[in-house]
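Reader: Please show me the model. I would like to go through its fold and packing.

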Amino acid sequence: MRTLLITGPGGTGRTTVAAATALKAAREGTRTLLLSADRTDTLGTTLGVRTGPAPVAAGDNLTIWRPDAAERFREDLTAFQKRATTALDLLGAARLDAEEVTPLPGAEELALLRALRDAATAGPYDLLVVDLPPTPQALALLALPGELRRYLRRLLPPERQAARALRPVLGRLAGVPMPSEWLYETAARWDVELAAVEAVVEDRATTVRLVAEPGPAGADAVRGAATALALRGLRLDALVANRVLPGESEDSWLAALAGRQRKALDEWRGAYEVHEVRHLGRDPRGTDDLGALAVPGAGEAGEPVVWPVTDALADDGVLVWHIPLPGAIREELDLLRRGDELVVTVGPFRRIVPLPSALRRCTVAGAALREGELRIRFTPDPGLWPQGAGGS
């Protein structure tokens, strides 16, 4: 199933564009599911159909689903209390009833991730359109599964589970209680669930579409978002320039605003696949208005983002890791190697990635940012590199 993730700066009409995209696909005969975790029913208002925790049909080939984050949070907390009964009793903790539990910050995002996994692995759909939060929150959301899996592997390494039989003995020797069986089982279950979400996000049939209003602020937001998406290894398939004004107007204020939009659009066309959506002069409401928006179709997924390693041992004695980072600025770039991992920071965005196996036996020899690509040079460590490799 093709998955299309739609985001953009706040207030740029990304939800409207997501609804129009899903509606267009449905009218073309594609079985489409439109997913959102918005606490308010913005999609329902736009499409004229009330949405909620159960998927609802919004026309031929179109289904809308807005998961209930509060209910899922209550279910998770109740299940956790049951599994941690012994520990809670030792602490003298009082149980929380489901009726008194309110979702904590982040519950909507977790509900959306689970729904994304469920929708992508089940259901009679050909296209999944996801109305993500504004870009900063969306980027953090898409990075969450991988980051949580990394934390789990560090805090509860899977290989330690092989010593289950020795845990009581180790506990007596150490003088402190060892993690109980349910903790490892819970961590393993979380890892499986997070891996399923991560697989959907990283699938080659998944792409991200940005929605922004052309202008100075929109240009800055798009540049940062494109760089962050590349850092996460996510492919930007299109940039939707929303609420584009007519080129000519007798009103001097509107004419000046339209001129700034045209300037931004000219710059974007040199770097992105740009689709203009004209301003209707009102907030789109109902399927007629949505159908009048010239949003691009879902299209094909295309080629995934790759970070290749090239062999320049014979000529320069190095291996080069190529990381595409369009829009990145050298002054905002920082690299740090930690064992077999590389910490890449670009402005406010950071990602910790494992080194390819060949590079783990090398030392970092330098790096350069050229034409939107970070090129990191690695020199083989003689003590770790196989004799004769890369030479004669």
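**Fold and packing**

Author: Residues 24 or more positions apart account for 67% of the contacts in the chain with a separation of 6 or more (contact: heavy atoms within 4.5 Å). This is a predicted model: local features need pLDDT of at least 70, side-chain atom pairs count only at pLDDT 80 or more, and totals for chains, interfaces and linings use all residues. Residues are numbered from 1 along each chain as its sequence is written, and side-chain values use heavy atoms, without hydrogens and water.

Reader: What share of the 392 residues is buried?

Author: Buried means under 20% relative accessible area, with a 1.4 Å probe and protein chains only. The chain has 392 residues. The buried share is 43%.

Reader: Which strand is joined to strand 6 by five bridges?

Author: Strands are DSSP runs (E, at least two residues), numbered from the N terminus. Two strands pair if DSSP finds at least two bridges between them. Strand 6 spans residues 206–212, and its partner runs parallel to it. In that partner, Val240 is the bridge partner of Val211. The strand is strand 7.

Reader: How many of the nine residues of strand 7 are buried?

Author: Strand 7 covers residues 236–244. This strand is mostly covered. The count is seven.

Reader: Which residue in strand 8 stands opposite Ala241?

Author: Strand 7 also pairs with strand 8 (residues 274–278). They run in the parallel sense, over four bridges. Opposite Ala241 stands Glu276.

Note on methods: Buried < 20%, exposed > 50% of the residue type's maximum accessible area, 1.4 Å probe, protein only.
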